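Here are some questions and answers for a reader who is new to this structure.

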2 protein chains.
Amino acid sequence: MTTRLIGGDWGTSNLRVFRYVEGGEVAEVRTAPTGVMAVAAGGFEAALKALVADWLEGGAPVLLCGMVGSRQGWIEAPYAACPADMPAVTAKAVRAPCDFAEVHILPGLSVVHPDGPHDVLRGEETQIFGALDPDRRAQLIVTPGTHSKWAVAGEGRVSGFSTYMTGELFAVLKAHSILGRLMEGEAHDADAFALGVRRAKADPALSRLLFSVRAEGLFDAIAPTALAAYLSGLLIGAEVTSGLAAASAAEVAGGVTLIGEPALTELYGQALAIAGATDVNRVSGEAAVGAGLWRLAGALGLIR
Amino acid sequence: MTTRLIGGDWGTSNLRVFRYVEGGEVAEVRTAPTGVMAVAAGGFEAALKALVADWLEGGAPVLLCGMVGSRQGWIEAPYAACPADMPAVTAKAVRAPCDFAEVHILPGLSVVHPDGPHDVLRGEETQIFGALDPDRRAQLIVTPGTHSKWAVAGEGRVSGFSTYMTGELFAVLKAHSILGRLMEGEAHDADAFALGVRRAKADPALSRLLFSVRAEGLFDAIAPTALAAYLSGLLIGAEVTSGLAAASAAEVAGGVTLIGEPALTELYGQALAIAGATDVNRVSGEAAVGAGLWRLAGALGLIR
């Protein structure tokens, strides 16, 4: 079937491309390790062509999201400010210089929190628009990971979001702090994880809770093989407790959509259940970004 | 004047010794880089003698505190459980094998928090007993640092304490996380520090606040040269907000004593003022541990 659109999720580490046919059906997906960090300035056109050369016949347009639109990417697409619906996002899309195709790059989103600080995301906006239910009045959309994003969306618009450094905190504390010293192995421990979530729910002081990873280990209250899962529970527990507390009752009641790898969204689902959120559904990151690129291509007028 | 006691604060990195004469006056202080990590098993006796050989004439007893009493030290002195007064601490002191002097090693303190986790300290107990006012009904004693301790004390007893990983979090995040990438220089910035403290006071979600170090840098809302001070403000602000919130009104009203390096206790004093604590006094770490060793030597019956 004829290629109607080539979509690309071009992040720091990887480039994943989608070939869409009539009706937005994804006919093929390919992934390459040619992330933005691995591509030298001036090399983006060639890196894209290397992956999609045989899809170009017919002249389908290309829509890209992710770090490819950052200052270190192909061309910078400045952030769209929240609240933002799909037309507000596509209005900030930027045309990239390319000899063999019409290439558009989507912007990220920015927000200024009521208490002051800025926040940003790039790439997740496409997952969010791919996963949100445009008819729902309010819902929470969460992309767990290195830097988890909690977005509030409703009626097709992202009204705001917050970033939690959960995944990076876990990795840095495990590798470089005293907390990693007593840990043994990588296996998950469901009880220790749940204990961490419950303690984080009861005490908002994360920098105090963190030291308990060491003290519980010293007293053999938690086994060395379970300490990493306990730390994970503390960090994810702190995130979901804060994320739910910051949302309105209507937003929580509208349901929480988790986007990401199944193993990670499963953990977040357990933490959300302990924190009291029951209406939770899970979507893979690939499915969400695939749907989002098609929807945003429509908003940009690329689907003819 | 005759040496009545030799005191030693023997931590991970350094050994600091005090020569006391009549009435507890400190006649001399010496410091060596022979911390517990630098001394091989079996080498503690020689490391001590190298620093105090000329003080030994007259047979004064030796009292040591700190990591020298840990499993990695000279001999293990198990923790004394809170609530603990000076007799409860000295009851757990351990006699170290030594050919040239009578050597006692003090234990650390342990506590089990109401919500479950254990907590421990070692070395700070001596600073705390050195700084506390035994006649006051309640007071807070704080030792800022890599692992800050917040102790609640009253009528000569430490009723409990909490550890905040503030200093280690700062160091690890600056050196190993994305937050350090935009930072330039080590200079302090008072405005950025105060902004961080205020934001931490307003929002208990530390893992969300941390990402603002990056976002504020990306938007030039905070200069690269001020980002480290902003991160410091967020972390110290989160600590003092939680520490004051966990204390009773009577404990806060009883005053906060900060023990440590003047540059650090000055910062904590500023953060406490923003957080609303006004009765704050500051004591150097050396003065506090020096006073504590003399007091605890008295409780142990070493001052004859």
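Q: How many bridges join strand β11 of chain B to β12(B)?
A: In this predicted model, β11 of chain B covers residues 139-143 and runs antiparallel to β12(B). One of the pairs sets Gln139(B) against Ala153(B) in β12(B). The number of bridges that join β11(B) to β12(B) is 5.

Q: Through how many residues does a hairpin join β11(B) to β12(B)?
A: The strands β11(B) and β12(B) run antiparallel. The link between them is a hairpin, and its length is 4 residues.

Q: Which residue in β13(B) is the bridge partner of Ala153(B)?
A: β12(B) also pairs with β13 of chain B, residues 157-164, in the antiparallel sense over 7 bridges. Ala153(B), which is the bridge partner of Gln139(B), has a partner in β13(B) as well, namely Val158(B).

Q: Which residue in the turn between β12(B) and β13(B) has a positive phi?
A: β12(B) and β13(B) form a hairpin with 2 residues between them. A phi of about 50° is found in this turn, and the residue that has it is Glu155(B).

Q: Why is strand β12 of chain B described as largely enclosed by the rest of the structure?
A: Ser148(B), Trp150(B), Val152(B) and Gly154(B) point one way from β12(B), while Lys149(B), Ala151(B) and Ala153(B) point the other way. A residue counts as buried if 20 or more other C-beta atoms lie within 10 Å of its own. Strand β12(B) is largely enclosed because the buried residues number 7 of the 7.

Q: Which residue in β10(A) stands opposite Val111(A)?
A: In chain A, an open sheet of 3 strands has the order β5-β9-β10, with mixed pairing. Its edge strands are β5 (80-81) and β10 (118-121), each pairing on one side only. Strand β9 of chain A, residues 109-112, is joined to β10(A) by 4 bridges, and the two run antiparallel. Opposite Val111(A) stands Asp119(A).

Q: Which element gives the most to the side of chain B that touches chain A?
A: The contact takes 39 residues from chain B and 39 residues from chain A. On the side of chain B, the elements that each supply at least two residues are β10 (118-121), β13, α4 (166-176), α5 (190-202), α6 (206-218) and α7 (227-246). With 9 residues, the element that gives the most is α6(B).

Q: How many nonpolar residues does the side of chain B that touches chain A have?
A: By class, this side of chain B has 11 polar and 8 charged residues. The nonpolar residues number 20.

Key: Residues numbered from 1 in each chain as written. Chains lettered and ligands numbered in written order. Predicted model: local features only at pLDDT ≥ 70, side-chain atom pairs only at ≥ 80, totals over all residues. Pairing = 2+ DSSP bridges. Buried ≥ 20, exposed ≤ 12 C-beta atoms within 10 Å, placed from the backbone. Contact = placed C-beta atoms within 7 Å. Nonpolar A, V, L, I, M, F, W, Y, C, P; charged D, E, K, R; others polar.
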